[in-house]
Amino acid sequence: MEVKIGVQHAPREIVLESGQSAEEVERAVADALAGKAQLLSLSDEKGRKILIPAEKIAYLELGEPAVRRVGFGAL
């Protein structure tokens, strides 16, 4: 699923394709914002880890899972 994270005082948002479910991402964000964790830790489909300080999170946008298209059509 596509995850977009806005970070305070950063000109661009962080965009990643995560293998985690929407519920797992929401739980991780809720824990970070509630003070249970100092860092929001997410992993992408390539195995990389993204760590963001909880106090710097501006917003989070969860998208639909990306569907890989095959072919040359302009759909």
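This is a predicted model: local features need pLDDT of at least 70, side-chain atom pairs count only at pLDDT 80 or more; totals for chains, interfaces and linings use all residues.
Residues are numbered from 1 along each chain as its sequence is written, and side-chain values rest on heavy atoms, with hydrogens and water left out.

The chain contains one helix and five strands, where helices (H or I, at least four residues) and strands (E, at least two) are DSSP runs numbered from the N terminus. Along the sequence these elements follow the pattern β-β-α-β-β-β. Of the 75 residues, 24% count as buried, a term that denotes under 20% relative accessible area, with exposed denoting over 50% and partly exposed the range in between (1.4 Å probe, protein chains only). The chain exposes about 5700 Å², of which carbon and sulfur atoms supply 52%; accessible areas come from the Shrake-Rupley method with a 1.4 Å probe, and for residues only the protein chains shown count as cover. Among the contacts (heavy atoms within 4.5 Å) with a separation of 6 or more, 49% join residues 24 or more positions apart.

The largest nonpolar core comprises 15 residues, of which Val3, Ile5, Leu16, Leu40, Leu42 and Ile52 touch the most other members; such a core is a set of buried Ala, Val, Leu, Ile, Met, Phe, Trp, Tyr and Cys residues joined through side-chain atoms within 4.5 Å. At least two residues of this core are supplied by each of strand 1 (2-7), helix 1 (22-33), strand 3 (39-43) and strand 4 (49-53), and helix 1 provides the largest share, four residues.

Helix 1 has twelve residues and reaches 16 Å from its first C-alpha to its last, close to the 16 Å expected at 1.5 Å a residue, the expected span being 1.5 Å times one less than the number of residues. Within helix 1, Ala22, Val25, Val29 and Ala32 are buried. These residues lie on the same side of helix 1 because they cover an arc of only 100° around the axis, the arc being that of the directions from the helix axis to the C-beta atoms. The buried residues of helix 1 pack against strand 3 and strand 5 (57-62), while the face turned away from the buried side carries the exposed residues Glu23 and Arg27. Just after helix 1, glycine 35 takes a positive phi of about 90°.

Leucine 16, placed in strand 2 (residues 14-17), is buried with a relative accessible area of 5%. Leaving aside neighbours within four places in sequence, leucine 16 is in contact with Met1, Glu2, Val3, Ile5, Ser43, Asp44 and Ile50. The C-alpha atoms of leucine 16 and isoleucine 5, which are eleven residues apart along the chain, are separated by 8.7 Å.

Aspartate 44 is found in the loop between strand 3 and strand 4 and is likewise buried, with a relative accessible area of 10%. Not counting residues up to four places away in sequence, aspartate 44 touches Leu16, Glu17, Ser18 and Ile50.

Histidine 9, in the loop between strand 1 and strand 2, counts as exposed at 78% relative accessibility. Phi of histidine 9 is near 65°, a positive value in a residue other than glycine.
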